[in-house]
Amino acid sequence: MSEKLTTVDFGASNAFGSHLFQVEIPAARNRSVVITEDYGYRGLDGEVPSGEERVILTRATWSAIADTARREFNDRLKAAKILTGRWHTGINLVDRLLGKELCILAWAAETAGEDKIPVICSKWAALRPEERWWLFTMTVAEAGLPCDTQRGWRRALFYALSDGEQPSPRRKRPRPVELDLFSLPLFMDSK
């Protein structure tokens, strides 16, 4: 008997103990937005913490990147026939793979001036999900905590994604469809 996958916010499973990301958006506009990785059941097993803060963003930086992330994630959720989400005040739950991608965008933008953020958003959107997951893995291995802003891959993300000029408004170019060689939990029903 197969059970239908139920999700909340941005593709996050509502099953207790799921590995996901939390985006805390405070009601006060002068407070920072915090992105935390919640390990679910894996947390507190051995030396694994229950969760780790990944990035703390100023509200202005969050506001500059939030719509890009929302559009990208909702396009993919629609294609997978999963309910779409919107950012709201309080705790927003994000699927673990989408959360990794969000961290890449947030890490690249966290120290950027407002003139560089459109370039960062455009280059981030041009990356494939698999490329973003790989970048997350490389970055979190040495610089995945809020205090690691100026270290290693974390700093490299800023330079790699902010290098260029502000993009002109244009439609996203279609990319060829590739056969999926992996079965991704985000796009599969539970069996």
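**Helix packing and sheet layout**

In helix 4, Trp134, Leu135, Met138, Thr139, Glu142 and Ala143 meet Gly152, Trp153, Arg154 and Leu157 of helix 5. By class, this contact of helix 4 with helix 5 has 6 nonpolar, 2 polar and 2 charged residues. The model is predicted.

**Helix 4 and helix 5**

- Helix 4 spans residues 129–143, and helix 5 spans residues 152–162.
- Their axes come within 6 Å of each other.
- The crossing angle is roughly 135°.
- Angles over 145 degrees count as roughly antiparallel, and 65 to 115 as roughly perpendicular; helix 4 and helix 5 are therefore oblique to each other.

**The sheet**

- Four strands form an open sheet in the order 5-4-3-6.
- The pairing is antiparallel.
- Strand 5 (51–57) and strand 6 (90–95) stand at the edges.
- Each edge strand has a single partner strand, so one side of each is left without a neighbour in the sheet.
- From one strand to the next, the twist averages 25°.

**Strand 3 with strand 6**

- Strand 3 covers residues 20–25 and pairs with strand 6 in the antiparallel sense.
- This pairing runs over 6 bridges.
- Glu24 stands opposite Ile91, a residue of strand 6.

**Helix 1 on the sheet**

- Helix 1 (residues 59–79) lies across strand 3, strand 4 (33–38) and strand 5.
- Helix 1 runs at about 95° to strand 5.

Note on methods
Residues numbered from 1 in each chain as written. Predicted model: local features only at pLDDT ≥ 70, side-chain atom pairs only at ≥ 80, totals over all residues. Heavy atoms only, no water. Axes fitted to C-alpha atoms, helices over the stretch in contact; angles between N-to-C directions. Helix = DSSP H or I, 4+ residues; strand = E, 2+ residues; numbered from the N terminus. Parallel < 35°, antiparallel > 145°, perpendicular 65-115°, else oblique. Contact = heavy atoms within 4.5 Å. Nonpolar A, V, L, I, M, F, W, Y, C, P; charged D, E, K, R; others polar. Pairing = 2+ DSSP bridges.
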